[in-house]
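Here are a few friendly notes to read alongside the model. Please have the structure open as you go through them.

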Amino acid sequence: MWRRAASLSSLIFSSSQPLRDQGAYSLKAWKFFCADSSKGAGYFSKEKNLFITFVLGGPGSGKGTQCAKIVENFGYTHLSAGELLRREIASNSEDGAMLLDTIKEGKIVPSEVTVKLIQKEMESCGNCKFLIDGFPRNEENRIAFEQIIGAEPNNVLFFDCPEEEMIKRVLSRNEGRVDDNIDTIRKRLKVFAASHHPVIEHYSKKGKLYKIDAIGTEDEIFERVRPVFAACEGAQ
């Protein structure tokens, strides 16, 4: 079931459909995840000295590996939006069953639901420094996050990697995923580029974007990442 859910993950974030048009199932999903949220929007920004970093990059860009190094060296909590959704589905909870049914019906999980899962994880964590990996994937995601959490990211990492290099990495990682074939990977990269571009442009204009050259060894790439977080540590 886990791998099945993983193979469906590309459906979860790809919608640019307006929130108001996603129908009654969206309202049902929203109610599930809002039921125990008593603190409301802006709780984090008011009650905690949050430091949030969005981590963006195409499949095979190496962002997961670099997130592990950031966690090890700077003490951040790593949250993957896709992983949180897959975990909820695999838990066999009522909410997870609702999510799986939504995906089976070919519908998109609303941005609010994903953000609520992130919020729930943040609230249960004693840390205030977060890496949010693979989110937002589009402008709708970004707006929902900022409205519900009541905070913008402090900075945004974008792992810039040539398409052919990402394809080579994905094909060589041999994780057994059915969508790890060259045609599907090219489609995923095309969707990534189209949906992420407005998000990247938005944060670039705000001076929050750090573009990381993602070519080289893991350690070489991390040496490009390290100064970003070292500077943040010094500013806090």
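1. Ile70 is found in helix α5 (residues 63–74); helices here are DSSP runs of H or I with at least four residues, strands are runs of E with at least two, and both are numbered from the N terminus. This is a predicted model, where local features need pLDDT of at least 70, side-chain atom pairs count only at pLDDT 80 or more, and totals for chains, interfaces and linings use all residues. Residues are numbered from 1 along each chain as its sequence is written, and side-chain values use heavy atoms, with hydrogens and water left out.

2. Ile70 is buried, at 0% relative accessible area (buried is under 20%, exposed over 50%, partly exposed in between, with a 1.4 Å probe and protein chains only). Beyond its neighbours within four places in sequence, Ile70 has contacts that include Leu157, Phe222 and Phe229 (contact means heavy atoms within 4.5 Å). Ile70 and Phe222 are 152 residues apart in sequence, yet their C-alpha atoms are 8.3 Å apart.

3. Have a look at strand β4 (residues 155–160) next: 5 of its 6 residues are buried, so the strand is largely enclosed by the rest of the structure. β4 pairs in parallel with β1 (residues 51–57) over 5 bridges (pairing needs at least two DSSP bridges), and Gly57 has Phe159 of β4 as its bridge partner. Another 5 bridges join β4 to β5 (residues 209–213), also parallel, with Asp160 partnered by Asp213.

4. The unreviewed UniProt entry annotates a "binding site" that includes Lys107 and Ile108; its positions follow the numbering used here, feature names are shortened, and annotations may be inferred rather than shown by experiment. Lys107 sits in the loop between α7 (94–104) and α8 (111–123) and is partly exposed at 31%. Ile108 lies in the loop between α7 and α8 but is buried, at 15%.
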